[in-house]
Amino acid sequence: MLDVIVIGAGPAGVLAALRAADLGARTALITRDEFGGMAANDGPVPVRTMAQAARLIREARQLGLYGIDVREPSLDYPRLLARVRDVVNDVREHSALRGQIDSLGVTVYERAGDARFTDPHTIETESGLRLQAEKIIICTGGVSRRLSVPGSELTATHSDAWGLTSVPPSMLVIGGGATGAQVASIFNAFGSRIQLFQAGPRILPTEDEDVSAAVATAFRESGIVVRENFGEIDSFEKTPIGVRMIFSKDGARESAEAALAVVAVGWVANTAGLSLATAGVEIDHRGFVRIDDYLRTSAPHIFAAGDITGRLMLVPQAIQDGFVAATNAVRGLTMTLGDQASPIGSFTDPEYAQVGLTETKARETHDVVTVVVRFDSTTRTIIDGRTTGFCKLIADRATYKILGCHVVGDRAVEITQVAAIAIAAGMRVDDLAQIPLSFPTYAGILGRAAASAARQLNLKVIW
Ligand SMILES: Cc1cc2nc3c(=O)[nH]c(=O)nc-3n(C[C@H](O)[C@H](O)[C@H](O)COP(=O)(O)OP(=O)(O)OC[C@H]3O[C@@H](n4cnc5c(N)ncnc54)[C@H](O)[C@@H]3O)c2cc1C
């Protein structure tokens with residue numbers, strides 16, 4: 001019998017296997033398909049590569065502004081997909097984690113098909129593997145939620161982008177969260193006519209209200225039709241050009257038609273086929289694996305990490321989960337997840353990102369000062385012709401500490417990393433304002449915002 005079996009080789013599973021082996025446990029890592037999971041094969045890496053193509057198209061269109069004459073860029077989609085495949089392979093080959101896993105003696109079973117529990121300590125796979133372990137860590141991630149309306153089989157998910165042979169001339173994107181917004185923004189840059197449908201009152205509903213509004217405005221200005229509060233979907237039907245969505249609101253029926261309909265309405269846990277009940281592992285009301293603070297499931301010898309737990313579904317959090325779950329599985333219950341500042345962002349046009357509390361949330365619990373510095377007022381954004389956007393900083397009037405930072409505009413994700421470090425370090429706004437950040441940079445906008453907040457709080461600043 002092994003000490004630890006890890007199921008799923010995404011970021012959570014890889015880190016869990018690495019940590020367990022590093023602590024001396026005899027460890028096996030089983031995964032259905034390729035090493036790397038969603039992050040390497042179907043999520044951030046390929047999507048970010050597509051977003052980079054969209055960025056290059058935007059930047060090519062800007063060349064005239066700097067006196068450089070070029071023809072209008074045109075996209076060869078199959079060549080872009082070849083580039084995506086090259087990037088995915090390159091990232092996988094250069095993964096330092098794979099080398100570490102191998103050198104620590106973890107036995108990796110790739111392309112093993114679905115794994116499932118046959119008893120609380122035994123895992124069998126479709127490929128015929130049968131392994132037993134004292135401890136098991138479930139890291140099987142999630143999958144796109146599908147709609148259950150008539151004709152939903154006519155819709156696609158973001159993963160179907162890899163199988164397209166050309167850019168669809170038109171697209172319905174259903175769901176205005178992070179994934180839907182990225183799909184809409186990228187394919188808009190590629191020349192698709194996009195209609196983005198959001199059931200709620202605003203796209204990007206977990207972002208600060210000002211961020212949602214700014215991104216929706218920018219999307220509309222770039223030609224995307226954004227429909228908030230659009231009603232309820234009744235059905236989809238096939239048409240000569242592609243697919244029609246029929247929906248109704250307040251008793252009135254409407255329809256929208258496009259070559260392709262992409263559904264991005266959330267993420268569900270990848271538990272189907274694991275036979276969790278056989279092992280005594282319970283799921284919560286949303287279908288995610290129920291865990292305690294130690295990432296232990298309802299079965300005391302089984303742990304879970306990453307998207308399968310349904311908390312912040314991001315790579316850095318999956319990595320931390322994997323580390324914590326493996327530590328507790330091998331050493332006993334010694335480690336919990338800290339309450340950390342977690343920056344979140346997306347590579348749309350314009351980019352947006354956040355860390356900490358939204359203004360609405362911050363006002364519920366703190367007396368706050370809020371500062372907004374617009375991108376059209378900072379040197380670097382003016383130089384680069386990237387003047388759409390803003391940086392909003394929220395600070396606590398009592399402690400002067402930064403509670404939240406929300407950015408829309410070019411390099412928003414990178415800017416927010418600096419804010420995350422300031423929050424993690426417990427910096428006051430006047431501390432942040434004193435740091436001579438390089439000029440002219442995008443991150444410099446944070447210094448401006450911090451100085452402005454400090455002045456409002458009557459704190460001493462040098463500028
Ligand atoms: C379009 C998109 C864009 C994203 N962009 C970002 C981003 O920019 N930044 C970011 O941080 N995060 C991003 N994410 C989220 C990120 O990809 C996930 O949070 C992360 O991959 C979760 O890691 P995980 O290890 O929990 O699961 P996964 O990466 O999903 O890995 C799970 C693994 O388990 C395997 N598996 C599943 N079921 C079984 C089974 N029964 N038996 C054996 N193996 C099984 C799967 O094949 C897979 O290899 C994005 C996601 C999507 C969909």
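Predicted model: local features only at pLDDT ≥ 70, side-chain atom pairs only at ≥ 80, totals over all residues.

**Charged pairs and their surroundings**

Author: Arg380 has a relative accessibility of 23% and therefore counts as partly exposed, since that class begins where the buried class, under 20%, ends. Its partner in a salt bridge is Asp384, with 2.9 Å between the closest N and O atoms, and Asp384, at 18% relative accessibility, counts as buried because it falls under the cut-off.

As background, side chains of opposite charge can pair when their charged atoms come close. The count in this model comes to 35 salt bridges, and a few of them show how the setting can be described pair by pair. The side chains of Glu359 and Lys392 meet with an N to O distance of 2.5 Å. Glu359 belongs to helix H10 (residues 359-365) and Lys392 to strand S20 (residues 390-396), so this pair ties together parts that are 33 residues apart in sequence. Both Glu359 and Lys392 are buried. For Arg32 and Asp33, whose side chains meet at 3.4 Å, N to O, the setting is described in other terms: Arg32 is partly exposed at 39% relative accessibility, and Asp33 is likewise partly exposed, with a relative accessible area of 35%.

Beyond such pairs there is a network of salt bridges, which links Arg55, Glu59, Glu351, Arg386, Asp410 and Arg411. Two of its members lead on to other local features. Arg411 sits in the loop between strand S21 (402-408) and helix H12 (412-424), and at 29% relative accessibility it counts as partly exposed. The backbone of Arg411 also deserves attention, for its phi is near 60 degrees, a positive value in a residue other than glycine. By way of comparison, most residues other than glycine have a negative phi, and most peptide bonds are trans. A positive phi, near 50 degrees, is likewise found at Leu204, which lies in the loop between strand S9 and helix H7 and, at 2% relative accessibility, counts as buried.

The other member to follow is Glu351, which is touched by Ser346, as are Ala178, Gln182, Tyr352 and Val413, when residues up to four places away in sequence are not counted. Ser346 itself is part of strand S17 (residues 344-346), and its relative accessibility of 1% is why it counts as buried. Between S17 and strand S18 (352-356) runs the loop that holds Pro350, and the peptide bond joining Asp349 and Pro350 is cis, with omega about 0 degrees. A cis bond also joins Phe439 and Pro440, where omega is about -10 degrees; here the proline lies in the loop between helix H13 (429-434) and helix H14 (444-456).

In soluble globular proteins, nonpolar side chains tend to be buried together. The largest nonpolar core here has 40 residues, of which Met50, Tyr77, Phe187 and Phe190 touch the most other members. At least two residues of this core come from each of helix H3, helix H4, strand S8 (170-174), helix H6 (178-189), S9, H7 and strand S14 (260-263), with H3 giving the most, seven residues. Tyr77, leaving aside neighbours within four places in sequence, is in contact with Met50, Ala161, Leu164, Thr165, Ser166, Val167, Phe187 and Phe190. Another core, of 33 residues, lies apart from this one and includes Phe375, Ala412, Ala420 and Ala433.

Ile68 is placed in the loop between H3 (44-62) and H4 (77-93), and its relative accessibility of 41% is why it counts as partly exposed. Ala277, in helix H8 (residues 276-279), counts as exposed because its relative accessibility is 72%.

Methods:
Residues numbered from 1 in each chain as written. Heavy atoms only, no water. Helix = DSSP H or I, 4+ residues; strand = E, 2+ residues; numbered from the N terminus. Buried < 20%, exposed > 50% of the residue type's maximum accessible area, 1.4 Å probe, protein only. Core = buried A, V, L, I, M, F, W, Y, C linked by side-chain atoms within 4.5 Å. Contact = heavy atoms within 4.5 Å. Salt bridge = Lys/Arg side-chain N within 4 Å of Asp/Glu carboxyl O.
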